[in-house]
Amino acid sequence: MIGKVLYRYTVIGNINNRVVLAHNPKAVEPWVVWWLDRDGDPYSGSYFTNRADAVKEFIKRSF
């Protein structure tokens, strides 16, 4: 899934196909953490303006 583009965001992190970290430098909130359903499709998520907060959420959601 790394490198896959979802909703104009490029996936840069994926843990156990449960949660992804993605980035779109052209977006108002360029960082997103999505949690995934069984099929690997995003069903919910949080958007962030800075990378540090997104990474914190990514780690929190992953475990």
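Is S62 buried or exposed? Select S62 to begin: S62 is buried, because its relative accessible area is 2% (buried means under 20% relative accessible area, exposed over 50% and partly exposed in between, with a 1.4 Å probe and protein chains only).

This is a predicted model, in which local features need pLDDT of at least 70, side-chain atom pairs count only at pLDDT 80 or more, and totals for chains, interfaces and linings use all residues. Residues are numbered from 1 along each chain as its sequence is written, and side-chain values use heavy atoms, with hydrogens and water left out.

Stay on S62, which belongs to helix α1, residues 51-62. Helices (H or I, at least four residues) and strands (E, at least two) are DSSP runs, numbered from the N terminus. Now show I15, R18 and V19: S62 is in contact with these residues, leaving aside its neighbours within four places in sequence. Contact means heavy atoms within 4.5 Å.

Next, select A52, also in helix α1. A52 counts as exposed, since its relative accessibility is 56%.

Move to N16, in the loop between β2 and β3 (19-23). N16 is not a glycine, yet its phi is positive, near 55°. With 59% relative accessibility, N16 counts as exposed.

Finish at Y7, in the loop that runs between β1 (5-6) and β2 (9-15). Y7 has a positive phi of about 50°, although Y7 is not a glycine. Its relative accessibility is 60%, so Y7 counts as exposed.
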